[in-house]
Amino acid sequence: MGDDERAIERAVDLIGASNHAVVLVGAGLSAESGIPTFRGAGGLWTKVGEPSMNGYEQFLRDPIRWWEHQLSPEADPARTEFREAIDRAEPNAGHYALVSMEKLGVLKMTITQNVDNLHVRAGAVRLVEIHGNRTKVRCIGCEARWPREAFDYEELPPLCPECGSLVKGDTVMFGEPIPPSVIDACFRESAACDCMIVCGTSATVFPAASFPRMVKENGGTLIEVNPNPTPLSDMADVTLRGPTGELLPEVVKRLSYWTI
Ligand code: APR
């Protein structure tokens with residue numbers, strides 16, 4: 001048995017023996033759906049630079065101007081390639097493998113940093129979208145959410161019919177606080193988690209990157225699935241060095257024996 005095979009077996013043992021496995025997902029899970037990641041070779045931020053940290057402040061200062069920009073995508077050509085990649089993307093084997101783990105009753109929650117809606121389209125139910133979902137809009141006051149199409153955007157800025165506050169894209173902007181109910185769910189799941197599977201994230205953006213560290217501090221185990229090393233690699237109990245689209249289905253294949 002090769003090292004990779006041994007690592008997969010070890011990962012399956014840890015996940016199979018867990019009581020509350022949680023997966024933390026980053027852009028790497030959607031890379032095999034054709035969506036560029038943010039950092040590293042070909043990453044969106046690598047190409048166009050990270051967005052300014054005051055995006056949310058600008059929204060609050062002039063929500064009409066923000067919405068006018070949002071509604072005229074040609075205003076931001078650098079992101080056209082990224083937007084088009086997301087628009088044509090389909091869930092890949094990695095997304096479906098996580099849904100299988102959820103259906104096996106082994107995966108208790110998926111915490112995703114991705115806003116591409118591919119987990120939902122793959123059938124995920126137990127899902128927390130810590131950075132929001134690009135197909136939705138959200139009230140910044142009461143956190144009510146709707147599909148983008150729920151508003152006609154004749155009147156700008158759209159206001160919440162429930163509480164009258166401003167409505168913005170659900171995607172969490174740089175400098176924007178993560179909605180309280182979302183961050184509470186993430187910390188609750190991480191506190192209960194005894195085995196965290198970290199898939200396709202550079203583990204450099206907080207608070208998401210703090211969850212695996214929390215699990216380790218609480219005595220839980222960490223499995224990293226990533227072709228490249230990250231700041232979490234040294235603390236991982238098992239490292240599956242490769243693409244999630246190939247490795248997660250291998251894990252699920254063996255997990256099914258555990259749960260028969
Ligand atoms: N399978 C698994 N992992 C992969 C694959 C793949 N096929 N391809 C690339 N990766 C890994 C890279 O090695 C890298 O570690 O995915 C990771 C992508 O890292 P980032 O581009 O930094 O994306 P992410 O970690 O999700 O960024 C976190 O930063 O800008 C914010 O809001 C944005 O949610 C994002 C957050």
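Which residues form one aromatic cluster? Tyr56, Phe59, Trp66, Trp67, Trp146, Phe151 and Tyr153 do.

1. Basis. This is a predicted model, in which local features need pLDDT of at least 70, side-chain atom pairs count only at pLDDT 80 or more, and totals for chains, interfaces and linings use all residues. Residues are numbered from 1 along each chain as its sequence is written, and side-chain values use heavy atoms, with hydrogens and water left out.

2. Aromatic pairs. Rings of Phe, Tyr and Trp (for Trp, the six-membered ring) pair if their centres lie within 6.5 Å; planes under 30 degrees apart count as stacked, over 60 as edge-to-face and the rest as tilted. The count by this rule is 10 aromatic pairs. One of them is tilted: phenylalanine 151 with tyrosine 153, at 6.2 Å centre to centre and 40° between the planes. Phenylalanine 151 counts as buried because its relative accessibility is 18%, the limits being under 20% relative accessible area for buried, over 50% for exposed and partly exposed in between (1.4 Å probe, protein chains only).

3. Sheet. Strands E5, E4 and E6 make an open sheet of 3 strands in the order E5-E4-E6, with antiparallel pairing. Its edge strands, E5 (145-147) and E6 (167-169), each pair on one side only. Neighbouring strands are turned by 30° against each other on average, direction ignored. Strands (E, at least two residues) and helices (H or I, at least four) are DSSP runs, numbered from the N terminus; two strands pair if DSSP finds at least two bridges between them. Between E4 (residues 136-139) and E5 there are 3 bridges, and lysine 136 stands opposite proline 147 in E5.

4. Helix over the sheet. Helix H5 (residues 63-70) lies across E4 and E6, at about 35° to E6. Axes are lines fitted to C-alpha atoms, for helices over the stretch in contact, and angles run from 0 to 180 degrees between N-to-C directions.

5. Lysine 168. Buried or exposed is lysine 168, in strand E6? Lysine 168 is buried because its relative accessible area is 0%. Its side chain reaches the backbone oxygen of threonine 171 at 2.8 Å. Leaving out residues up to four places away in sequence, lysine 168 touches (heavy atoms within 4.5 Å) residues including Tyr56, Phe59, Trp66, Trp67 and Glu176.

6. Tyrosine 153. This residue lies in the loop between E5 and E6 and is buried, with a relative accessible area of 16%. The side chain of tyrosine 153 reaches the backbone oxygen of arginine 148 at 2.7 Å. Beyond four places in sequence, tyrosine 153 touches Trp67, Leu71, Val137, Arg148 and Pro158.

How values were computed. A polar contact is a pair of N or O atoms within 3.5 Å; within protein, one must be able to donate a hydrogen and the other to accept it, and residues adjacent in sequence count only if both atoms are side-chain atoms.
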